[in-house]
Amino acid sequence: GVVAVWAEGWLVCVCGEVGCGRKMYSECRGCGSPTVVLISGGAGAATSWTMADPAKPAPTVFDEVAKFARVCAYDRPGTPVDLADGKTKPSRSDPVSQPTNTQDAVRDLHALLRAANERGPYVLVGHSFGGLVARLYASTYPNEGAGMVVVDPASEATQAALTPMNAYGTWNYTRTGGRLPLTNPHPAPQRYLTRSDRHTNV
């Protein structure tokens, strides 16, 4: 259940596959059914949906959805929290051993919704990696879904399509809370490359 209250949301004690007794950050607002659950991309926390770009002020997804429905956003463990000055701070959810996978994210989200007493059915909204989480959640718990929206979703083929250099760049940027550029300016260290890649100029 809820173990602490932040100004914006709650820390909820969850028991999932990745661990028991961990705390995950969640914030919910509005009323009505179905509940809209916002699932951020790989390097995004709840702030992906709750913060506007200071350079281009506009209503946030979270605020707009809360006007007509119950809506929840949360910090997946390891996702950095965006701050208004463009910097980040560590996740408000307890850390877990990395790497984690889509199944871990689905189990955590299910445990979080139950522990926070947020009842279904849910409309799952997933961005990027969150699209994978939404799709797997819907197929794992088919009786809990009322609908799904995916925004620029990743696919099962995303990892296979990455070269070792791009895979390393993706991992390195997201683990440090950075945002991914369109090209990776930092080549992968030799130990991350396959034997055939070591013979190419990276």
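This is a predicted model: local features need pLDDT of at least 70, side-chain atom pairs count only at pLDDT 80 or more; totals for chains, interfaces and linings use all residues.
## The disulfide

How many disulfides does the structure hold? A search of the whole structure finds one. Its partners are Cys28 and Cys72, with sulfur atoms 2.1 Å apart. That passes the test for a disulfide, because the sulfur atoms of the pair must lie within 2.5 Å. A disulfide is a covalent bond between the sulfur atoms of two cysteines.

Which parts of the chain does the disulfide of Cys28 and Cys72 link? The two parts are distant: Cys28 belongs to strand β3, and Cys72 to strand β5, which spans residues 71-74. The two cysteines are 44 residues apart. The torsion about their S-S bond is about 115°, so the disulfide is right-handed.

## Buried and exposed cysteines

Are Cys28 and Cys72 buried or exposed? Both Cys28 and Cys72 are buried. Cys31 is exposed, because its relative accessibility is 62% and the exposed class starts over 50%.

## Two cis peptide bonds

One joins Ser33 and Pro34, with omega about 5°. Pro34 sits in the loop that runs between β3 (19-29) and β4 (35-39).

The other cis bond joins Gly120 and Pro121, and its omega is also about 5°. Where is Pro121 found? Pro121 is in the loop between α3 (102-115) and β8 (122-127).

## Two positive phi angles

Ser128 has a phi near 55°, a positive value in a residue other than glycine. The residue is found in the loop between β8 and α4 (129-140). Why does Ser128 count as partly exposed? Its relative accessibility is 25%, and the partly exposed class lies between the buried limit, under 20%, and the exposed limit, over 50%.

Asp152 also has a positive phi without being glycine; the angle is near 45°. Its loop lies between β9 (145-151) and α5 (158-161). Asp152 counts as exposed because its relative accessibility is 63%.

Notes
Residues are numbered from 1 along each chain as its sequence is written. Side-chain values use heavy atoms; hydrogens and water are left out. Helices (H or I, at least four residues) and strands (E, at least two) are DSSP runs, numbered from the N terminus. Buried means under 20% relative accessible area, exposed over 50%, partly exposed in between (1.4 Å probe, protein chains only).
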